[in-house]
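Visitor: I would like to go through this model term by term, with the cut-off behind each word.

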Amino acid sequence: MEERSSEHHLSGYFTGIFPTMYSHDDVNTPIRSPCIPNLLVFFIVCSILMHIVDMVLDYNIAIQYLLDDKITYFAWTICIIIIPSLINVIVSKRMQCHEKETHPPMDNLDRGKISRLIIKSKLCFVVAVMLQLAPVLHYYDTLTYALQTRKCEKSRDHIGAKRNYIKMLREDQDVALLRVFECFLEAAPQQILQLTLVLRHYNEINVQFVHQVASIISSLGSMGWAMASYHRSIRLAQPDKSNISYIGTTFQFLWHFFITVARILSLSVIASIWPIYTVICCILHWISMSIWIVIDSHGISEFCKDYSRPPHVKPKFTERIYSTLFATVIGIVYIFVYFNTVDSNTFWKHIFFYTLCFFENIACNAVWGYTSLPEIKSIWYFKVCLISCALSFFLGIAAMIIYYTMFHPSKK
């Protein structure tokens, strides 16, 4: 289960975690053949469309609550949409500044990146937050570089093709990290909220129930898509690492998907009866995980570093504050899945984290099953939820073991 500088690392910016193996414009770097198949272009377009559909469905359920005069539910839904989007836009803005400091744009194509709109004006910043555009803008830049690579290959401009291919890989790393943040800062909490409301107020299948289910399903699909693309993209960007096979990607997807489903179901069932205590427990879990990340945060410190200062000087107070804040953002991801932030053996970390999650899940389901009212226990979904929580968790662990023992690239 050893995992070294492979798939669970942050973006290519984070020196020491995910070392960049080439310069932004180093066309002499020996990389893989810059081949852009039609399937890759199709996946990028599908990612943009899925993100838009997910956003529309989330706003749709918020509007439904507003029309039904459920102002509290409307406010919670909007907050879960806006706050993660704000965090993503801030991280995207920092990515742009970091790239400008370390790899100044060398051509007009770089200066014309649409994702740079986020840092150009306050209006663009606000629009990007409201419409959750941070990943979409980076997806668009990824698609632009991919098409430019194909264009250069057709004209036999191999240097231009390699330059655009490298830029595409770097942009793909950015959007992969942003999608993971959106996945666990917005999609997962959105599912917990909607599932909790369904469990608390389920009477019959009506229009609002259909909208809630549509929001849950879209978030699950978006989450699965984000995790599957994330692991492949950061492997692809490392020329000294073997790519993950399609079968390996499938098992990685199943691993994180089932673990996340188990966590979401467990938190939703307990939140349906004790919402305040559930929030308090999640906050305690988040704080403990954030402290764990801060203890060993070399890569995060690099990301938040001020590159206008000499590299050997100690970080400023503001840099430490930014590093801590960014660690707390990653700590939210730890509520649902393990997300490695340092290049090291993860065997014992996985054992500790998933053992903790297992006992938390068992506690949530045991308390829900013991304290639920008789009318709740007689509803069809009661046993389904209990069985699904346990089964989903063990399926996720089984997929993780199969991946590491049979399909991890180090096994090749």
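**Terms and values**

Guide: At 16% relative accessibility, Q64 counts as buried.

Visitor: Why is Q64 called buried?

Guide: Buried means under 20% relative accessible area, exposed means over 50%, and partly exposed lies in between, with a 1.4 Å probe and protein chains only. Q64 has 16%, and therefore counts as buried. Q64 sits in helix 1, residues 38-67. Its C-alpha atom is separated by 8.1 Å from that of F74, ten residues apart along the chain.

Visitor: What should I know about the origin of the values?

Guide: This is a predicted model, in which local features need pLDDT of at least 70 and side-chain atom pairs count only at pLDDT 80 or more, while totals for chains, interfaces and linings use all residues. Residues are numbered from 1 along each chain as its sequence is written, and side-chain values use heavy atoms, with hydrogens and water left out.

Visitor: What makes a stretch of the chain a helix or a strand?

Guide: Both are DSSP runs, numbered from the N terminus: helices are H or I with at least four residues, strands are E with at least two. On that basis the chain has 14 helices and zero strands, and its pattern along the sequence is α-α-α-α-α-α-α-α-α-α-α-α-α-α.

Visitor: How much of the chain is buried?

Guide: Buried residues are 50% of the 412 residues in the chain. The accessible surface is about 18,900 Å², and 70% of that surface belongs to carbon and sulfur atoms. Such areas come from the Shrake-Rupley method with a 1.4 Å probe; for residues, only the protein chains shown count as cover.

Visitor: Which contacts join residues 24 or more positions apart, and what share do they have?

Guide: A contact means heavy atoms within 4.5 Å. Among contacts in the chain with a separation of 6 or more, 79% are between residues 24 or more positions apart.

Visitor: What makes a space a pocket and not a cavity?

Guide: On a 1 Å grid over the protein atoms alone, a cavity is a set of points where a 1.4 Å probe fits but cannot get out; a pocket is an open set with protein on both sides within 12 Å along at least five of seven lines. Lining residues have an atom within 4 Å of a point. Grid points are joined across faces, edges and corners, and a volume is the space filled by probe spheres set on the points. The largest pocket has a volume of about 960 Å³. Its lining has 28 residues, and those closest to its centre are W76, I80, P189, I192 and V279. Helix 2 (71-102), helix 6 (158-201), helix 8 (246-271) and helix 9 (275-295) are the elements that give two or more residues to this lining.

Visitor: How many residues of that lining are nonpolar, polar and charged?

Guide: The lining of the largest pocket has 23 nonpolar residues, four polar and one charged. Ala, Val, Leu, Ile, Met, Phe, Trp, Tyr, Cys and Pro count as nonpolar, Asp, Glu, Lys and Arg as charged, and the others, Gly among them, as polar.

Visitor: What makes a set of residues a nonpolar core?

Guide: It is a set of buried Ala, Val, Leu, Ile, Met, Phe, Trp, Tyr and Cys residues joined through side-chain atoms within 4.5 Å. The largest has 46 residues, of which F181, F184, W255, Y334, F336, F339 and Y354 touch the most other members. Helix 6 gives the largest share of this core, eleven residues. A second, separate core of 13 residues includes I36, I44, V136 and Y145.

Visitor: Why is I335 called buried?

Guide: I335 has a relative accessible area of 10%, so it is buried. I335 lies in the loop between helix 11 and helix 12. Not counting residues up to four places away in sequence, I335 touches R263, L267, C282, H285 and W286. The C-alpha atoms of I335 and A188 are separated by 9.8 Å, at 147 residues apart along the chain.

Visitor: Is R156 buried or exposed, and what is its phi?

Guide: The relative accessibility of R156 is 68%, so R156 counts as exposed. R156 is in the loop between helix 5 and helix 6, and its phi is near 60°, a positive value in a residue other than glycine. Most residues other than glycine have a negative phi.
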